[in-house]
Amino acid sequence: MRNVVKLSSLLLLLIVLLASCSTKKKVVNPLLDNNIAGVALAELPSMAPDSLSLGSLSSNVKLALKVGKDNIPLSGKMRLQGGEGVQISITPLGLVEVACIEFLPPNIRLIYKIKKILSDVPYSEARAIGLSGISYGVLESLFLNRVFIPDGRSALHSPGEIGLEQQGDHIVLTAGDQAAIVYRFFIEKATGNLVRSEGVSSTGESFVCEYSAFTNLNGRPFPSRMTLSFKGDANVTMDIEHSKMSIKPFNFASRSVGSSYRKLSVGEFIKSVK
């Protein structure tokens with residue numbers, strides 16, 4: 001039990017610092033021919049029409065967190081409802097939930113059940129994900145494997161804000177403000193799949209999100225594995241493997257807690273979970 005508590009504490013601490021269904025089969029986007037050279041932006045895979053877009057996602061997840069030489073394996077469940085939030089429930093060994101992390105439009109909510117504490121963390125105070133102006137909309141787009149413009153909106157509806165060039169086996173899309181942060185999206189020519197998203201700020205901080213193990217989900221290829229790395233005040237890598245994915249809509253509700261829970265500042269929360 002002591003190890004479970006320690007792992008859960010480390011996860012919550014790392015989220016503040018940040019704040020496989022593997023297959024060899026190549027999944028090709030049905031909207032594309034093998035030659036993507038002259039394809040229109042609206043036909044690109046992660047800018048798919050509404051009929052192929054994802055607004056909800058639920059799955060079992062395996063998490064592997066790496067900070068320096070430390071590797072922390074965890075498991076849980078993830079629920080995402082577009083525009084409302086991403087909820088990750090931490091259930092070590094598949095047993096009782098010990099913690100919950102929510103990425104919500106206004107902030108990140110951390111709940112630690114062992115000590116009955118919670119904290120609402122504005123993105124500007126999350127030392128790694130806030131450093132480059134990353135908002136909830138950007139994080140949601142990363143989880144949904146889609147191309148976006150700087151505020152997180154799907155680029156399909158604003159194609160004029162996207163630059164396009166070819167680099168070897170990839171189409172590279174670029175969006176962003178050169179004075180603040182630039183986002184790049186790497187589309188694999190052979191499949192039309194978005195395999196890498198990255199952001200670099202003018203002050204040098206960056207993130208990279210790599211996608212793999214694509215499977216068919218709601219008529220479009222979707223990665224069952226994503227690896228998200230941040231380099232800033234904290235250098236952290238989060239590897240997420242999905243299983244039993246579902247796109248069935250649900251009513252999203254932020255996790256409720258009892259009156260016995262104490263609401264702490266992020267600094268107090270960090271001290272409590274160490």
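Cys-209 is buried, its relative accessible area being 0%, where buried denotes under 20% relative accessible area, exposed over 50% and partly exposed the range in between (1.4 Å probe, protein chains only). Cys-100 likewise counts as buried, at 0% relative accessibility. The model is a predicted one, in which local features need pLDDT of at least 70 and side-chain atom pairs count only at pLDDT 80 or more, whereas totals for chains, interfaces and linings use all residues. Residues are numbered from 1 along each chain as its sequence is written, and side-chain values use heavy atoms, with hydrogens and water left out. Zero disulfides are present in the structure, a disulfide being a pair of cysteine sulfur atoms within 2.5 Å.

Across the whole structure, a search finds six aromatic pairs, defined as rings of Phe, Tyr and Trp (its six-membered ring) with centres within 6.5 Å, and classed as stacked if the planes are under 30 degrees apart, edge-to-face if over 60 and tilted for the rest. The rings of Phe-103 and Phe-143 are tilted, because their planes stand at 45°, with the centres 6.2 Å apart. This pair ties together parts that are 40 residues apart in sequence, since Phe-103 lies in strand E4 (residues 99-103) and Phe-143 in helix H2 (residues 136-143); helices (H or I, at least four residues) and strands (E, at least two) are DSSP runs, numbered from the N terminus. Both Phe-103 and Phe-143 are buried. Tyr-183 and Phe-207 form a further tilted pair, at 6.1 Å centre to centre and 50° between the planes, and both Tyr-183 and Phe-207 are buried.
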